[in-house]
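Student: I'm new to this one. Could you walk me through it, one question at a time?

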Amino acid sequence: MTIDLSERVESVGPSGIRRFFEIAEERDDVISLGVGEPDFSTPWAARDAAIASLEQGKTSYTANRGKRELREAISGYVDDRFDLEYGADEEILVTAGASEAVDLAFRAVVDPGDTVAIAQPSYISYEPGVIFAGGEVLPVPTREEDDFRLTVSQLEAAGAADADVLVICYPNNPTGAIMTREDLEPVAAFARENDLTVLADEIYAELTYDGEHTSIATLEGMRERTIVFNGFSKAHAMTGLRLGYALGPAETIGAMNRIHQYTMLSAPTTPQYAALEALDTCADDVREMVEQYDRRRRFVLSRFREIGMPCFEAKGAFYVFPEVPSGWSSEEFAETLLEEQGVAAVPGDVFGEGAAGHLRVSYATGLEDLKEALNRIEAFLEEHEPIASSADP
Amino acid sequence: MSEREVLELLRENARYSTADIARMTDLEESAVEATIESLEEAGVICGYQPVVDWDELEDERVRAEVELNVMLDRETGYGDIAERLARFPQVTALRLVSGDYDFDMEVEGDSIREVSQFISEKVAPVPEITQTVTHYVMTSYKENGIELGDGDDDDRLSVSP
């Protein structure tokens, strides 16, 4: 006999990234621009604090919502950095990565048949998360001519006025787009007018290279309808430690905690010690990493300009999103580039609508590798120039 | 400001090309060149050297940290003694420090005998020097901000969301 799988699970295929990963893994000379996590190690002080907590035998559960000290530190940090005011008692939930927080939010606010609008291109987990929660996905494509920012006209065109929930992620994976306060105002107004709950994934907030990150939750009338996700994976280079958090109104966070306490109980304890130390003493490490990313970002953007691959000026996260030459699909381009030059970059299509014809290029990789990768892409373009320009009939 | 940024990048890797520095800073390449030149002329940048892990070479390289105590008099100041010592090519670094001794001197040579002889024959006899304590370097773990030995492998998945 075979075990009968649920329709929900069967309706979600494996991610397109997975397939590409398998091709890339078969070769050993690959320079990967396909990595969605920092190349830095967790700041040593944070690792050291985790080790010390293990030595002291601090390995029991914590409070469901996370260690109180950590929630207090998060409360201070998000206020200090992003003007987000959330109380440690009821408005913050520490989770196993921001991913868990996103999943909890979907399960806490989505009823079967509810429509969840997702600004795309986007991180690949939102869509399956909505489906697992029984909701319907409404993709809202963003456009390169808008620098991949979400606009009201795109929301209207997609029919998002009738949606129940809106998911946004800025700074954005995969485009590297950011949205300023001015860009967010009309989106916030749209959400208020149409009574949308907003889920704002701000995991890349620290990695903003032009001005300061603005959270949509700080806009007028938005706090009560917004859940913000953040965590330690990107800014503090703690991906494998799996620690994130959600900020929201007490009632919503309470509902998420109800699911969390039955399914996760509490976020892993050791990483909570690392995170506490990261917030206490690692601001300089974060600044240093952000500076490095920014240099690489400028380098990569300059090189794409020089080799003639159009690339909008990404100002956040650690991705740029160049356009593949006409005549190629992004998948074809990515696979041929990998095969011929050993450079892996993720085809944009896997990130949903609005991403066709683009590549996600991660610069969470050392400068020497970036240099070599860009040289190889340059060689690749030169070799394929005739094909690229004559492919369209 | 750009001076500081260029300096920082060169301290990270003095072999970055001016073109790459320009790309990373959004400066014109000519501006980067001019900045480096002015830093060199002003004596801010005094030289460029590789960071060497001697343990990876077959040839022996002996290095020692030497603590020096000196006695000053009316005619002789720290600067005079430093000048005299710094002229020896065996001395690779010389600093006046606070604490139990006065100078912190780094010495390099091809053998322990050579370094010892240098200290006993050239350094100790200097009249103002009252005491030398020599520490031979046994293993180096970090030089100029760079950790020596095998680097961390990148064990991240080659492609991830």
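Student: Which residues does Arg297(A) touch, leaving out those up to four places away in sequence?
Tutor: This is a predicted model, where local features need pLDDT of at least 70, side-chain atom pairs count only at pLDDT 80 or more, and totals for chains, interfaces and linings use all residues. Residues are numbered from 1 along each chain as its sequence is written, chains are lettered from A and ligands numbered from 1 in the order in which they are written, and side-chain values use heavy atoms, with hydrogens and water left out. Contact here means heavy atoms within 4.5 Å. On that basis, Arg297(A) touches Tyr209(A), Glu313(A), Ala314(A), Lys315(A) and Tyr363(A).

Student: Is Arg297(A) buried or exposed?
Tutor: Arg297(A) sits in helix H11 (residues 283-307) of chain A; helices (H or I, at least four residues) and strands (E, at least two) are DSSP runs, numbered from the N terminus. Buried means under 20% relative accessible area, exposed over 50%, and partly exposed in between (1.4 Å probe, protein chains only). With a relative accessible area of 4%, Arg297(A) is buried.

Student: How far is the backbone oxygen of Ala314(A) from a polar atom of the side chain of Arg297(A)?
Tutor: Ala314(A) is among the residues that Arg297(A) touches. The gap from that backbone oxygen to the side-chain polar atom is 2.7 Å.

Student: Which residue of chain A forms a salt bridge with Glu8(B)?
Tutor: A salt bridge is a side-chain nitrogen of Lys or Arg within 4 Å of a carboxyl oxygen of Asp or Glu. The closest N and O atoms are 2.7 Å apart, and the partner is Arg295(A).

Student: Why does the pair of Arg295(A) and Glu8(B) join two chains?
Tutor: The side chains of Arg295(A) and Glu8(B) meet in a salt bridge. The pair joins two chains because Arg295(A) lies in helix H11 of chain A and Glu8(B) in helix H1 of chain B.

Student: What area is buried between chain B and chain A?
Tutor: 18 residues of chain B are in contact with 33 residues of chain A. Buried area is the accessible area (1.4 Å probe) that two parts lose on being put together, summed over both. Carbon and sulfur atoms give 48% of it, and the total is about 2,100 Å².

Student: Which residues of chain B lose the most area to chain A?
Tutor: Three residues together make up 34% of what the chain B side buries. They are Arg23(B), Arg156(B) and Pro161(B).

Student: How many salt bridges are there between chain B and chain A?
Tutor: Over all chains, a search of the whole structure finds 36 salt bridges. Between chain B and chain A, the count is 5.

Student: How many residues apart in sequence are the parts that Asp195(A) and Arg225(A) tie together?
Tutor: The side chains of Asp195(A) and Arg225(A) meet in a salt bridge, at 3.2 Å from N to O. Asp195(A) lies in the loop between helix H8 (181-193) and strand E6 (197-201) of chain A, and Arg225(A) in the loop between E6 and strand E7 (226-231) of chain A, so the parts tied together are 30 residues apart.

Definitions and conventions
A polar contact is a pair of N or O atoms within 3.5 Å; within protein, one must be able to donate a hydrogen and the other to accept it, and residues adjacent in sequence count only if both atoms are side-chain atoms.
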